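Here is a short briefing on one protein chain. The points below are grouped by topic.

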Amino acid sequence: MALGNLDILQNDTLALFCSARCPGSLILKFYDALRALRDERQTIVSGFHSPLEREGLLTLMQGQGGIVICPARSIGTMRVPVAWHQALADKRLLVL
């Protein structure tokens, strides 16, 4: 099952993984890198499970690049967060 634009899978993608615990110096570098990827319109794939990944998703939603979300639960009964609606409407979001 998929929700969103399957054509996003044709893009070059970059996977994002982040631990739930990170030193502060890495968190600052993470945000800098994420803003750069957002501005480059890089397609990002992640589960967006850790707190840092969830915050990063909000940053990516402000850009124009593709986003692939792989939640650790069924998407058949999942309620789509309001923050995702615009990216879905813009056809730059895919939930697998």
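Leu52 counts as buried, because its relative accessibility is 11% and the cut-off is under 20%. Leu52 sits in helix α2. The model is predicted, so every point here describes a prediction.

- Leu52 touches Cys18, Cys22, Ile27, Phe30 and Tyr31, leaving out residues up to four places away in sequence.
- Ile27 is 25 residues from Leu52 along the chain, yet their C-alpha atoms are separated by 8.0 Å.
- Leu52 is one of the buried residues of α2; the others are Glu53, Gly56, Leu57, Thr59, Leu60 and Met61.
- The cover over these buried residues includes helices α1 and α3 (85-89) and strands β3, β4 and β5.

**The sheet**

- Five strands make up an open sheet with mixed pairing. Their order is β1-β5-β4-β3-β2.
- The edges are β1 (3-4) and β2 (13-15). Each has a single partner strand, so one side of each is left without a neighbour in the sheet.
- Strands β3 (residues 43-46) and β4 (residues 67-69) pair in the parallel sense, over three bridges.
- Ile44 stands opposite Ile67 in β4.
- Helix α2 packs on the sheet and touches β3, β4 and β5 (93-95). The direction of α2 makes about 150° with that of β4.

**The largest pocket**

- The largest pocket holds about 190 Å³ of space.
- Its lining consists of Gly47, Phe48, His49, Arg54, Leu57, Leu58, Ile69, Pro71, Arg73, Met78, Pro81 and Trp84.
- By type, the lining residues of this pocket are eight nonpolar, two polar and two charged.
- Which element gives the most to the lining of the largest pocket? Helix α2 (residues 51-61) does, with three residues.
- Leu57 lines this pocket and is also among the buried residues of α2.

**The cavity**

- How many cavities of 30 Å³ or more are there? The count comes to one.
- The largest cavity has a volume of about 30 Å³.
- Leu37, Arg38, Arg41, Gln42, Leu60, Gly65, Gly66, Ile67 and Arg92 line the largest cavity.
- The lining of the largest cavity divides into three nonpolar, three polar and three charged residues.

**Arg38**

- Arg38 lies in helix α1 (residues 24-39) and lines the largest cavity.
- Is Arg38 buried or exposed? Arg38 is buried, because its relative accessible area is 18% and buried means under 20%.
- Arg38 touches Thr59, Leu60, Gln62, Gly63 and Gln64, not counting residues up to four places away in sequence.

- Cys18 lies in the loop between β2 and α1.
- Cys18 counts as buried at 18% relative accessibility.
- Leaving aside neighbours within four places in sequence, Cys18 is in contact with Ser50, Leu52 and Glu53.
- Cys18 and Gly47 are 29 residues apart along the chain, and their C-alpha atoms are separated by 9.8 Å. Gly47 also lines the largest pocket.
- Asn5 is placed in the loop between β1 and β2.
- Asn5 is buried, with a relative accessible area of 19%.
- Asn5 touches Lys91, Leu93 and Leu94, not counting residues up to four places away in sequence.

**Positive phi**

- Most residues other than glycine have a negative phi. The next two residues depart from that.
- Phe48 has a phi near 55°, a positive value in a residue other than glycine.
- Phe48 is in the loop between β3 and α2 and lines the largest pocket.
- Phe48 counts as buried at 5% relative accessibility.
- Lys91 has a phi near 60°, again a positive value in a residue other than glycine.
- Lys91 is in the loop between α3 and β5.
- Lys91 counts as exposed, because its relative accessibility is 59% and exposed means over 50%.

Key. Residues are numbered from 1 along each chain as its sequence is written. This is a predicted model: local features need pLDDT of at least 70, side-chain atom pairs count only at pLDDT 80 or more; totals for chains, interfaces and linings use all residues. Side-chain values use heavy atoms; hydrogens and water are left out. Helices (H or I, at least four residues) and strands (E, at least two) are DSSP runs, numbered from the N terminus. Buried means under 20% relative accessible area, exposed over 50%, partly exposed in between (1.4 Å probe, protein chains only). Contact means heavy atoms within 4.5 Å. On a 1 Å grid over the protein atoms alone, a cavity is a set of points where a 1.4 Å probe fits but cannot get out, and a pocket is an open set with protein on both sides within 12 Å along at least five of seven lines; lining residues have an atom within 4 Å of a point. Grid points are joined across faces, edges and corners, and a volume is the space filled by probe spheres set on the points. Ala, Val, Leu, Ile, Met, Phe, Trp, Tyr, Cys and Pro count as nonpolar, Asp, Glu, Lys and Arg as charged, and the others, Gly among them, as polar. Two strands pair if DSSP finds at least two bridges between them. Axes are lines fitted to C-alpha atoms, for helices over the stretch in contact, and angles run from 0 to 180 degrees between N-to-C directions.
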